[in-house]
Every structure is written in structure tokens, then in C-alpha cells.
Amino acid sequence: MTRYIDVQDLARLVNRKGLPTCLAEMAEYIRQDYLRWHDFEKCPRLANHSPDGVIELMPVSDASLYAFKYVNGHPKNTHNGLLTVMAFGALGDVDTGAPVLLSEMTLTTAIRTAATSALAARYLARKDSKRMALIGNGSQSEFQAIAFHTLLGIEEIRLFDIDRAASEKLAANLAGYPQLKLTTAASVADAVRGSDIVTTVTADKAYATILTPEMIEPGMHLNAVGGDCPGKTELHREIVERARVIVEYEPQSRIEGEIQQMPADSPTTEFWQVVEGIAAGRESAEQVTLFDSVGFAIEDYSALRYVLDVAKALDIGHDINLVPELANPKDLFALLQPAAVERKASAA
């Protein structure tokens with residue numbers, strides 16, 4: 001049997017646990033799996049690009065589980081009442097090939113992206129960081145804000161979006177977090193000024209320059225989330241040239257990250273090296289660090305593993321017959337016999 005988690009199941013799971021707890025626990029699952037970097041079979045995600053967006057398949061596996069996520073990115077979708085990002089995913093047993101989990105991953109991806117951002121900042125940002133600028137206040141922004149408050153103790157967030165209604169939405173949704181001081185800035189430069197951490201999570205599929213060099217102050221940590229496909233960036237090239245750049249998986253980031261602007265031999269460090277202690281995250285208090293995050297399949301593996309564990313513990317979701325159960329596994333044709341069809345219909 002396969003455990004099935006739909007959108008309502010996942011929302012119930014998060015509400016039962018509490019979003020801050022889910023963010024912290026999922027971040028730990030991600031950290032544990034990055035410590036097993038060499039256990040995984042990895043590849044860049046498989047993408048189908050169109051003028052208005054992208055559809056991607058993100059596979060990864062270890063000796064026990066095979067994971068994949070189907071995900072899109074279509075910035076114009078909101079004009080038609082659709083989400084910019086929609087996703088589902090699955091876990092399969094490597095020994096048998098049997099699917100063990102089929103799950104929504106739209107809400108899950110928002111949680112895992114924010115958990116990854118905050119986890120990376122624990123290694124890369126200054127330890128005394130208290131103020132963050134949050135540029136782009138769409139669907140991902142609440143999760144980023146709560147993750148940085150929960151995992152790093154961020155106390156003040158300065159918001160900016162070209163759509164002021166998005167910032168108002170974000171502020172209203174975070175009203176339940178009185179510990180967070182929220183200020184809506186008049187511009188990107190106004191939001192960034194004096195911030196310890198700058199998170200960019202914009203949606204347009206374009207070579208954008210959300211951050212320009214004169215905005216960057218010594219010691220800042222930049223969390224670039226929105227530049228996540230070919231032809232889509234958020235940072236001026238000069239910022240990338242000057243910063244200490246940390247990526248998730250270099251072969252994928254060269255195609256889709258901020259470093260797509262850079263020569264193929266430009267220096268980068270993969271995040272697993274920092275987690276394992278092979279490489280330093282931050283080399284000095286004055287250094288500008290950049291987490292060039294595009295999202296990587298190991299994080300989805302971790303997220304699915306977390307969802308399955310918690311769903312089982314809380315008895316959320318239900319089991320489905322995603323593949324046939326046969327008395328004779330060599331007789332698939334038996335499923336089509338009228339008596340078998342009627343028996344299955346009656347049971348349903």
C-alpha cells in the first residue's frame with residue numbers, strides 16, 4: 001500500500017505540529033541528509049522550458065529510497081487564479097520499486113525552501129544577525145520570515161514588493177508573531193539598508209537586478225531564492241563576483257542559479273562541504289556571503305521523508321492501491337476479469 005497525502009492532509013499535519021516546529025524539524029532532516037551527500041545518486045533536474053515558465057522533474061536516490069518531485073514555475077499564473085509554483089512528489093522503495101508515498105508538494109516545497117534558507121544562514125550569516133530584508137512578498141515570504149525567526153532569532157524584517165498589496169498580505173499573515181517587528185520599506189534600497197541578512201524571493205522570469213552593488217554592506221548574508229531557472233536572476237553580476245558563493249549542487253546551479261552569469265570556472269563551494277566542516281561558511285565578519293539557492297532534490301527527499309514519518313506518527317493521510325495487488329503476480333490480466341472489477345468496485 002502507498003500512503004497518500006493530499007493538500008488538506010498536509011495542512012492538517014502542519015497545524016498539528018505547528019509551522020515553526022515543522023520548519024525546525026525539516027531543517028534537521030535536510031542537515032542530516034546533506035551529511036550523507038556521497039550516499040546519493042544525483043543529477044541536475046530535468047526541465048521543459050516554455051516562454052512563460054518551466055516544468056521540472058527532480059529525482060534523487062540513495063540505497064533505500066528513490067524520490068522525485070514534479071514542479072512548475074509560471075510567474076504569470078497568478079493573473080489566471082493559479083499558483084506560480086505547484087508540485088507533487090513520491091518516495092519509492094529501492095529494493096522493490098514499490099511506491100511508499102505519494103504527496104502534495106506545493107505547501108511542502110514552501111516549507112522545505114524556507115527551512116533550507118534558514119539552515120544555510122545558520123552556517124553563513126553572522127551569529128548576531130537580528131535584522132532581515134525580505135524582497136518579494138508573495139507565496140514564499142511568510143515561510144521565509146517564520147523560518148528565520150525560528151531558526152536564527154531574527155527580530156526585525158523590512159518588507160518590499162513592487163505590489164504593495166503583497167506586503168500588506170504578508171504583514172497581516174504574520175500578525176500572530178508579535179515578536180517580529182515588520183516595516184514596509186519604500187524601495188529595495190530602503191529595505192536592505194542596515195540589514196544583516198537579505199532574502200530575495202521574486203518571481204519574474206527575467207535577468208533582473210533586484211540587488212545592485214551599492215546596496216551591499218560588509219558582512220551581509222544574501223539569501224538568493226528567486227533566481228531558480230535559466231534566464232532568471234536577481235543579483236547584479238558584480239555582487240556575485242565579490243561574494244563568497246555557496247551553492248547546493250554546482251552542475252545544476254551553473255544552469256539555473258545566480259552563477260549562470262559567471263564563467264564556468266568561477267569559484268563556488270557546495271553546501272554539503274560547509275555542513276560537513278570541510279569548508280568554512282563565513283571566513284570573516286566583514287565578508288559578504290551568498291547562498292545561491294535554486295532548490296535541490298536532496299532537500300525534497302528530506303521533506304518527503306519527514307512528511308512520511310510525521311504522517312505515520314499522527315495517523316494522517318490514507319493508504320491507496322497505487323499499484324495492483326495480485327494473488328498471482330505474473331497474472332496482471334486477471335485485473336480485467338469482470339468478477340475482479342466488480343469486486344474492487346464493491347469494496348470501494
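Biologist: I'm new to this one. Is isoleucine 146 buried or exposed?

Modeller: Isoleucine 146 is buried, with a relative accessible area of 4%. Keep in mind as we go that this is a predicted model.

Biologist: Thanks! Where is isoleucine 146 found?

Modeller: You'll find isoleucine 146 in helix α4.

Biologist: And which residues does isoleucine 146 touch?

Modeller: Leaving out residues up to four places away in sequence, isoleucine 146 touches Leu19, Pro20, Leu23, Leu174 and Tyr177.

Biologist: What separates isoleucine 146 from alanine 63?

Modeller: Along the chain they are 83 residues apart, and their C-alpha atoms are separated by 34 Å.

Biologist: Let's stay with α4. How do α3 and α4 cross?

Modeller: Helix α4 covers residues 141–152, and its axis comes within 9 Å of the α3 axis, with a crossing of roughly 40 degrees. That makes α3 oblique to α4. The crossing is right-handed.

Biologist: Which residues of α3 and α4 meet?

Modeller: From α3 there are Leu107, Ala110, Ile111, Thr113, Ala114, Ala115, Ser117, Ala118, Leu119, Ala121 and Arg122. From α4 there are Phe143, Gln144, Ala147, Phe148, Leu151 and Leu152. By class, the contact of α3 with α4 has 13 nonpolar residues, three polar and one charged.

Biologist: What about α2 and α3, at what angle do they pack?

Modeller: Helix α2 (residues 19–34) and helix α3 (residues 106–124) pack at about 65 degrees, and their axes are 8 Å apart. That makes α2 roughly perpendicular to α3. The crossing of α2 past α3 is right-handed.

Biologist: Which residues make the contact there?

Modeller: On the α2 side, the contact is made by Leu19, Leu23, Met26, Ala27, Ile30 and Arg31. On the α3 side, you have Thr108, Ile111, Arg112, Ala114, Ala115, Thr116, Leu119, Arg122 and Tyr123. The contact of α2 with α3 holds ten nonpolar, two polar and three charged residues.

Biologist: On to another pair. How do α1 and α10 cross?

Modeller: Helix α1 (residues 7–17) and helix α10 (residues 297–314) have axes that come within 11 Å and cross at roughly 75 degrees. They are therefore roughly perpendicular to each other. The contact is made by Leu10, Leu13, Arg16 and Lys17 of α1, together with Tyr306, Val307, Val310, Ala311 and Leu314 of α10. These residues divide into seven nonpolar, no polar and two charged.

Biologist: Now a loop. Where is aspartate 315 found?

Modeller: Aspartate 315 is in the loop between α10 and β17. At 62% relative accessibility, aspartate 315 counts as exposed.

Biologist: What is phi of aspartate 315?

Modeller: Phi of aspartate 315 is near 55 degrees, which is a positive value in a residue other than glycine. For context, most residues other than glycine have a negative phi.

Biologist: Changing topic: how many disulfides does the structure hold?

Modeller: The structure holds zero disulfides. As for cysteines, cysteine 22 is buried, with a relative accessible area of 1%, whereas cysteine 43 is partly exposed at 28%.

Biologist: Last one. What does arginine 193 touch?

Modeller: Arginine 193 touches Arg131 and Glu217, again not counting residues up to four places away in sequence. Its place is in the loop between α6 (188–192) and β10 (197–200), and at 49% relative accessibility arginine 193 counts as partly exposed.

Terms used
Residues are numbered from 1 along each chain as its sequence is written. This is a predicted model: local features need pLDDT of at least 70, side-chain atom pairs count only at pLDDT 80 or more; totals for chains, interfaces and linings use all residues. Side-chain values use heavy atoms; hydrogens and water are left out. Axes are lines fitted to C-alpha atoms, for helices over the stretch in contact, and angles run from 0 to 180 degrees between N-to-C directions. Helices (H or I, at least four residues) and strands (E, at least two) are DSSP runs, numbered from the N terminus. Angles under 35 degrees count as roughly parallel, over 145 as roughly antiparallel, 65 to 115 as roughly perpendicular and the rest as oblique. A crossing is left-handed if the near helix is turned anticlockwise from the far one by less than a right angle, and right-handed if clockwise. Contact means heavy atoms within 4.5 Å. Ala, Val, Leu, Ile, Met, Phe, Trp, Tyr, Cys and Pro count as nonpolar, Asp, Glu, Lys and Arg as charged, and the others, Gly among them, as polar. A disulfide is a pair of cysteine sulfur atoms within 2.5 Å. Buried means under 20% relative accessible area, exposed over 50%, partly exposed in between (1.4 Å probe, protein chains only).
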